[in-house]
Amino acid sequence: MLKTFKIGGVHPPENKLSAGEAIVTLPLPEQVIIPLSQHIGAPAVPTVKKGDHVKAGQVIGQAAGFISANIHSSVSGTVVNIEAVTDASGYPRPSVIIQVEGDEWEESILQEAEKKQPSDYTKEEIIKAINAAGIVGMGGATFPTQVKLSPPPGNKAEVLIVNGVECEPYLTADHRLMLEHGEELMTGIQLIKRALGVERAVIGIENNKPDAITHLKQLAAGIPGVEVCPLKVKYPQGGEKQLIKAVTGKSVPSGGLPIAVGAVVQNVGTVYAVYEAVMKHKPLVERVVTVTGKSVKKPGNYLCRIGTPIARLIEAAGGMPEDTGKVISGGPMMGKAVTSTDIAVTKGTSGVLLMPESESQRLPYRNCIRCGKCVDVCPMGLEPYHLMLLAGENMLEALEEEHVMDCIECGSCMYTCPAHRPLLDLIRLGKNRTGQMIRARKAAKN
């Protein structure tokens with residue numbers, strides 16, 4: 001029997017339209033916009049100025065604290081400005097704008113590492129390379145990877161869980177990465193195992209990707225301590241806590257981190273980036289992005305440089321369909337609608353979804369009838385209808401008591417609500433305000 005998490009979950013249509021499309025490398029754009037904040041934590045501090053010439057792979061933003069990440073130029077060219085530019089979140093972020101003038105790389109990058117085997121590297125060397133490369137969680141969370149691989153005192157990792165679930169409808173970038181770069185993923189897994197000091201790694205993949213399961217099982221057969229775990233299809237199984245529950249049967253406590261149950265979760269894109277950082281000295285300057293939608297002429301998976309305007313990806317996929325009602329950065333469940341196609345690809349950009357007008361309009365919401373469906377599907381065991389009411393009244397202390405900070409913002413409640421109520425919108429707002437209150441309280445104590 002296939003494993004899965006126990007509490008809640010939904011089954012939206014998969015719509016994996018681009019699953020059979022091989023990764024295509026996108027030509028360089030004329031200009032890139034590289035935000036200095038592409039990660040959770042403090043924005044990087046710019047190390048270049050207007051008029052500077054930069055090479056691909058050169059550091060243009062230095063990590064500004066323990067939870068931060070380096071930012072590198074993804075192209076070679078001239079810095080034309082450093083200014084605030086709106087990103088996919090809708091907020092202006094300090095960004096480095098570079099006019100592309102070729103593809104000249106830093107000399108040390110893309111050379112084969114002198115040491116050929118993962119076992120030749122120490123934990124310190126691996127984490128140092130990851131830190132230098134500016135690697136963050138590429139499943140969407142964008143948490144700096146070097147921090148995640150350095151558990152706090154008193155916590156010990158026991159298992160590495162590699163997230164190949166890709167449960168979000170439409171998205172297929174991780175699926176193609178597993179099929180086309182399986183060998184590199186295995187090397188990356190061994191490097192991360194060594195950095196964590198663990199003997200066991202489990203690759204979780206939902207069984208709607210049988211080709212990826214078969215391929216990685218064959219590769220893992222000759223590697224001690226690496227196994228593939230097929231999972232039942234259920235959203236949001238790609239969430240860390242849900243994946244840990246499905247694979248290990250352990251529950252991460254409320255307010256706790258995965259390391260509390262001895263688990264460290266890394267997305268397959270992150271694992272591949274670790275391979276490139278250690279074995280090729282290559283920083284995180286490009287990623288695979290799915291461009292898709294029911295009316296898109298050529299849904300596909302594109303390897304593009306960080307900072308590429310999503311308009312270039314849409315063009316590569318056949319252009320904007322006439323019936324497009326909404327452009328979403330990410331998938332339909334957790335992605336965010338963008339206001340412009342000039343928005344740049346960042347380290348956390350997994351997909352660009354072009355939704356038809358007929359599917360992108362919200363229906364008028366009605367009174368809650370207390371049917372309990374939102375409670376049934378919440379993977380965190382919360383009561384979304386109640387959290388929405390508390391958030392609407394700005395009752396932050398009550399929201400904290402009701403564990404609003406445990407919400408993973410998966411949208412399952414809103415997806416299943418027969419009254420079409422904006423549950424997630426208000427819960428997300430309440431969670432943000434509650435988080436601010438908690439941080440202010442901690443700061444006052446210090």
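Visitor: Which helices and strands each supply at least two residues of the lining of the second largest pocket?

Guide: In this predicted model, the elements that each supply at least two lining residues are strands E15 (324–329) and E16 (336–337), together with helices H9 (357–360), H13 (412–416) and H14 (423–445). H14 gives the most, with three residues.

Visitor: What is the volume of the second largest pocket, and which residues are the closest to its centre?

Guide: The volume is about 1,000 Å³. The lining has 31 residues, and Pro332, Glu359, Arg362, Met414 and Tyr415 are the closest to the centre.

Visitor: What makes a set of residues a nonpolar core?

Guide: Its members are buried residues of listed nonpolar types, joined through side-chain atoms within 4.5 Å. The largest such core has 46 residues, and Ile189 and Ile203 have the most contacts inside it. Among the elements that each supply at least two residues are helix H4 (182–196) and strand E10 (200–206). H7 gives the most to this core, with nine residues.

Visitor: Which residues does isoleucine 203 touch, leaving aside those up to four places away in sequence?

Guide: Isoleucine 203 touches Val162, Met186, Ile189, Leu216, Val226, Glu227, Val228 and Cys229. A second, separate core has 20 residues, including Val165, Cys229, Ile244 and Val265.

How values were computed
Residues are numbered from 1 along each chain as its sequence is written. This is a predicted model: local features need pLDDT of at least 70, side-chain atom pairs count only at pLDDT 80 or more; totals for chains, interfaces and linings use all residues. Side-chain values use heavy atoms; hydrogens and water are left out. On a 1 Å grid over the protein atoms alone, a cavity is a set of points where a 1.4 Å probe fits but cannot get out, and a pocket is an open set with protein on both sides within 12 Å along at least five of seven lines; lining residues have an atom within 4 Å of a point. Grid points are joined across faces, edges and corners, and a volume is the space filled by probe spheres set on the points. Helices (H or I, at least four residues) and strands (E, at least two) are DSSP runs, numbered from the N terminus. Buried means under 20% relative accessible area, exposed over 50%, partly exposed in between (1.4 Å probe, protein chains only). Contact means heavy atoms within 4.5 Å.
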